[in-house]
Amino acid sequence: VKYANEYLGNSGRLVITPLTDRCYRTLVGAFHLNLGGAPEGPAGTGKTETTKDLAKALAVQCVVFNCSDGLDYLAMSKFFKGLASSGAWACFDEFNRIELEVLSVVAQQILCIQRAVQTHQETFIFEGTELILKPSCFVAITMNPGYAGRSELPDNLKVLFRTVAMMVPDYAMIGEIMLYSYGFVDARNLSVKIVTTYRLCSEQLSSQFHYDYGMRAVKAVLAAAGNLKLKFPDENEDILLLRSIMDVNLPKFLSHDIPLFEGIISDLFPGITLPKADYALFMEAVHEICEKRNLQPVENFLEKLIQTYEMMIVRHGFMLVGEPFAGKTQVLHVLADVLTLLNEKGLNEEEKVIFRTVNPKAVTMGQLFGQFDPVSHEWTDGIVANTFREFASTDTPDRKWVIFDGPIDTLWIESMNTVLDDNKKLCLMSGEIIQMSPPMSLIFETMDLSQASPATVSRCGMIYLEPSNLGWRPVFKSWCKELPEELIKELPLVQALFNWLVEPCIDYVRRNCKEYVATSINNMARSLMYFVKMFMDDNLPDCDPKNLKSWLTNTFLFSIIWSVGCTTDNDGRAKFDTYLRDIITGKSEDHPIPGEVGKLDVPLPPEGMVYDYLFEYKARGKWTHWNDTIRNASIGEGKKVQEIIVPTMDTARYTYLMDIAVRHERAIMFVGPTGTGKSVYVKEKLMNNLSKDKYVPMFINFSAQTSANQTQDIIMSKLDKRRKGVFGPPMGKKSVIFVDDLNMPAREVYGAQPPIELLRQYFDHKNWYDKKDTTKISLIDIQFLTAMGPPGGGRNPITPRFLRHFNVIGIVPFNDETMQRIFSTIVSYYMKANEFPPELFTSGTMVVQGTMEVYKQAMANLLPTPAKSHYTFNLRDFARVINGVLLIKKKAVESKRTLTRLWVHEVFRVFYDRLVDDNDREWLFQLCRTLVKDIFKDSFEAVFEHLDPDKRGIKQDNMRSLMFGDYMNPEADDEDKFYEEVMSLEEFNKVVDFQLDEYNQMHKNGMNLVIFRYVLEHLSRISRILKQPGGNAMLVGVGGSGRQSLTRLAAHVAGFSLFQPEISKSYGMNEWRDDLKNLLKNAGAFGKPTAFLITDTQIKEESFLEDIDNLLNAGEVPNLYPPDEKAELLEAVRPAAQAGDKNADFSPLALFAFFVNRCRKLHIIIAFSPIGDTFRNRLRQFPSLINCCTIDWFQAWPEDALERVANKFLETVEMEDEERGNVVNICKHFHTSARNLSEKFFSDLGRHNM
C-alpha cells in the first residue's frame, strides 16, 4: 500500500480501539488482494468513519456517497469511471438500499475494474469507453443488515468484497480519550459514568421508538461536554458532564420516564446540584413574541423552547416528536422569531432565522430529491435539492432551517443519512454532492417514529412534546383574548362555563361512548370554542345587553352538544343526552352549577334528546325543535322520484351547521356510516343554496388509487393565478372544496396517505410546491368540507395531525320516524303526481311500514359470515324496494291486492335474491307471510291464490312464479310499456322465444338457449334492474349458470345497447380508460340507454374495480377526462341541458353535473363467481359493489331445468322415445346425485369434494 501524499486538511481523528485495528487490518488486506472492503453491522458502530479514517491515514481522498433506492446502473457507472481514472477511494453508504436488479450490473462493473488492476493494465475498456487506470482505487461498501427497505446482496457481488463485522465499540475507552482531548482531568471516572448512565437507561426506562442509547448518543454528550469545557474552563468537571448529559437526554423522555432518569442521575452524581443557566434576555424576547402571536408562555412550552435552542447548538439535525396540539410547529416558529428579534436588538450575538417547510409525503420521492427522466435520462432537481443548494451557497451568517413536517418513513429519510451524520453532505442520485454550511439545520416534525430505522434515530437529536402537558387551557386563554369587547366583559361567565362542562363532558364521551373517529381532547375543546365564537359573532350585533348572559350560556350548551357530543353513534348520543341533562339541571354532585351561571333562564325542553333542539336568538332566546324549522318546506313540483330530497330533522341540523361553517371559513368533517346522506347534504348545499356570486363550489372524490399529484392537479386546474406564486378562485369569490370519501386513499407500505398529507400541508402552512420548478405556491380564499365513512373495510384511519384542523360532526343513521317520514313523503308525492285513487294511499303507508319491518329484521337476523360476506344491508336497499313499488303506473293497479303482491315481489327481489341457503330463504318467506297478515291486513293465501292452482297451500316454490315486468308487449313504445304483473308463464315464454329469435337474427354470434322457468325468473330480475333508473346488478353464480347470456337477452328486450370490454393480452389501464370514456360519452353525452357487462375474468387489474366502484357510487370516474376532452364533452351535452331553451346559461360545473346525472342511465352489470377468496376480498375493498347493486345469487339449476335442457339437446339424436326418456332421467340422475353426494361429503367430513 503506497502513501498517496494528498493533503486533506486538519480534521479530527478516531480513537483507536481493538475494533478499529481489526477493521484496518481487514481493509488493507482486502486492498492487497485487489478486492473491495465491506464493513457491516448495526447503526452507530463507526463503519463509515473507520473507512474514512483509514483513507486519511494513507492520505488518499475518500468520497462518501449515500446510496438510495433510485440509483440506476448508469449513475453508478459514471461514478466508477471517475474512480478508476483518479485512483481515489469511494465509500458507498447503505449499499444494500440499491435495488437488486441494479446490484447485479454493479457487480459486473466492479469486476471489470478489479480484473484490470490484477493484470496491471495501464488502460482498459469500461462500458465502451477507454480509460487510464490508476491502481490505487478502492471501493468500500457499508451495510446495515436486516433493516426495512434493504435488499440482500447477490452472490456474484459478495465474492468481490471482504466483509468486516463491526460490533459495539468500547464506549468507555472512546469516552475517556475524547474527554482527555477536550482537556478534562478526571476523564477515566467520567467516561465510566456516561456508559453506566446509558446502560441503566436502556434497562429501566420504557421502550419508545425514538429512544436510542448507542455510540452517537455518547458522542453527542461528549461534544456537549467539550463545548462547555471551552466556555467554563475552571468549573467543576462533574457539573459540566452532568449538565451535558441532561441537555442531550432530557428533551426526548416521556413525562413518566423523567423521574426515573433523574433517579439514575442522582445515584451516579451524588450531591451535585446544577446551577441555573442564565436565559434572562432570551426569556424577555420569548414573552414579547408570545404576546405578539397571542400564545401563552406556559412553563412547559418555555422549557421545550430552551431545549430546542440547546439542541440546535449541539446537533445540526434534530426531530420534534409528539401528538398534535403539543405545540411542535409553534415552538419552531416562536424560536425563529425570538432569534430574529435578538438579532435586531443586537443581543447575545444571535443571527436571524430563515426557514422553509416541506411535507415530504405530499410529493413523490422524485419531486422531493430529484429524478431522471425515464426516457431521455435528463436530470431534474427536487424541492429539497434546490432548497439545500440555495441555502448552502449563500454566505450570510443567518441561521437557515429546512423543516420537514410530515410522517417519517425509511424511504425518504434514509437518503438524508449522510447529511445527518458527521459528513454533512447531501448526495443526490445525479452524483452531485452538496456540502451543508455551518449555519444550516435540518429539523423534522413528526407524530411518531414507528417507521424510522435505528440508523435514522441514532443520527438525530430528539425533543419529545406531549399534548397532555399543555392541555386545552392555554388554547382557551389565547381564545379569550380574541373575543369581541362585549364578551370580554362577561369573561368570568365564559370561564365558569368552560371549567364547569368541558372536562366532564369530554371525559364522559371518551369513556362511555363509541366514537366514529378518535379525536383528541384539545381538538374537541378547540371545536367548541370555534362554534361559540361563530354563533356569537353572528348574533352579537342584535343583542340586548340584558339577554347577553342567557344567550351566552345557551350558545355554549348548543355548541358543546355539536362539538363534544356529536362525534359518537346513536347509542352514545343517548348516553351523553342523559349525562348532560343531569349536570345542567344540577343533579350531578361532582359538577355543581357554578355561581356565575346561576339558574338557567331558558332551560332545554325535557322532551326528546338534546340533539333535537336549536337555540333561536330572539328576545331572551328560545329552544326550538328542528322539526319546527321545516314545517312548511315543500318539495317542489315535477321531480323524479330519485331526485327528491325530503327535508327532515337531519337535513335541517346539518345544513344549519354547514352554513355557519362555510360563512366563517371553518373546515368541517362529516363522519358517518354509508347511506346516511353525507354527500347529498353537502352537494345540495353547495350546488343550490350558496350565493353564486360569492362562492365557487368544487367536488373531489377520493379513491384508493388517488395520488397527491392528482389531487394537486384537480385543485390547481380550478384556480386562477392572482400574481406571482399566488393562486386562488376568480377575484372576489371564495372556493369551497368538498372532498368526499376522504379516507379512501390507500396507505403506503409505511402508513402514510399522500393526498391527505398534501391537504394537511395546505392547512398548516397554506402553501404547496409547483410540480415543475419546485417554486412555492401560496393558496388563498379556499376552504374545505370533507366527508368520510368510519374506518374499516376499504377505509383507513386518518392521521390525527390532519383531523386536528376540523370540527368533526358525526352523522348517525336515521331513526325510525325520520325514515318513515322520508319514504312516506316520497310515496305520497308519487301517488299524487300520478293521480292514484285515494283508497290506495293507505296502502302506500303500509308499503313503507312493511319495508321498514323487513329491513330491521334482515339487519338483525341475516348477519354476514365469511361465506355470506354480502349480507350487509343499508338504506339503499330500503330505497330500492320503495323505488321498485313506484315503478307501477295507475293503469296496472287493479286493486289493493295488486299493490300487496307488488310489494312482496319487490322485497323478494331486493332481499330474497341475495340469500345463499334454504334456511335463510324459508325465514324470509315466513316473514313476508306474517307481514302481509299484520300490516296489510290480508290473508296470504287469498292474495296469491292464482299462483296456487291446485289449492295445496302456498309454498316457496309457488313464489317463483310471481313476476312483474314491462316486457309483455314487445311491440309497444317505451311510453306505453308499463310495469305489470305477469299473469301466465306460457305467454311470457312465447314472448321470450320471439325475442330470442329476433336477437339471433340481428347478431352474428347467436345464442342457443333453452327457455325454462329458471331462465324466465332471472331474465325478469335483470329486466327489472334495467328498468329502474340507476339500477345496477351484481350477478353471482358459478360459470355456465347463464349470467352473461341472460344479460344480453335482457338488454335486447329492453332495447339497450350492451357493451362488454374485449380483453386481449395487451389490454391494460389505458385501453380500459378509453373504453370507459367511450361508454360514458355514449350514455352521458348522447343519452343512449346502455348496459355495461363485466365479468370477474375480465378484471385484469384491481384498479379496474376501483373505477367501477366510483362509477357506481358517484356516477363518474374522477380525472378520467383531460381538460381538452372535457370541454368537447360539455359542448356535446349543452344542447341536451338547455333542452329547447336556447338562452339558458350553464356553468361548466353545472353542465358536468348534468352529464354525470345522465351517466346514471348507464346500467352496470357485474358477473362474479362466488368461489375462492377473491369475491370476499373485493366486496370488502370496494364497498359500493354491495351498497349500489341489487344482488342476484344464481342458485343451482332446479330439476325441471335439467330435464328441459337434456330434451332439447337429444331432440335431433335418433333413438326410440322411451329410450330418450330414460336417457334424460339417467343424465339428470348423474348430475343431481353427484351434487348431493358432495354436499353429504362436506357435512359429514367437513371437507370439500374438489
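W626 is buried, with a relative accessibility of 1%; buried denotes under 20% relative accessible area, exposed over 50%, and partly exposed the range in between (1.4 Å probe, protein chains only). The model is predicted: local features require pLDDT of at least 70, side-chain atom pairs count only at pLDDT 80 or more, and totals for chains, interfaces and linings use all residues. Residues are numbered from 1 along each chain as its sequence is written, and side-chain values use heavy atoms, with hydrogens and water left out.

F558 is likewise buried, at 1% relative accessibility. The structure holds 62 aromatic pairs. Rings of Phe, Tyr and Trp (its six-membered ring) pair if their centres lie within 6.5 Å; planes under 30 degrees apart are stacked, over 60 edge-to-face, and the rest tilted. F558 and W626 form a tilted pair, with 6.3 Å centre to centre and 45° between the planes. F558 belongs to helix α24 (residues 548-563) and W626 to helix α26 (residues 626-629), so the pair ties together parts 68 residues apart in sequence. Helices (H or I, at least four residues) and strands (E, at least two) are DSSP runs, numbered from the N terminus. Ring pairs also link F558 and W626 into a cluster with F531, F535, W551, F615, Y617, W623 and Y656.

Two charges lie over rings. A charge sits over a ring if NZ of Lys or CZ of Arg is within 6 Å of the ring centre and within 35 degrees of the ring normal. R804 lies over the face of F325, 4.2 Å from the ring centre. The charged end of K683 sits over F699, at 5.9 Å from the centre of the ring.

A84 is placed in helix α3 (residues 73-86). Its relative accessibility is 0%, so A84 counts as buried. Beyond residues up to four places away in sequence, A84 touches I113, F124, I132, L133, K134 and C137; contact means heavy atoms within 4.5 Å.

At the level of the whole chain, 49 helices and 34 strands are assigned. The C-alpha atoms fill a box of roughly 110 × 95 × 70 Å along the principal axes. Of the 1250 residues, 55% are buried. Among contacts with a separation of 6 or more, 77% join residues 24 or more positions apart.
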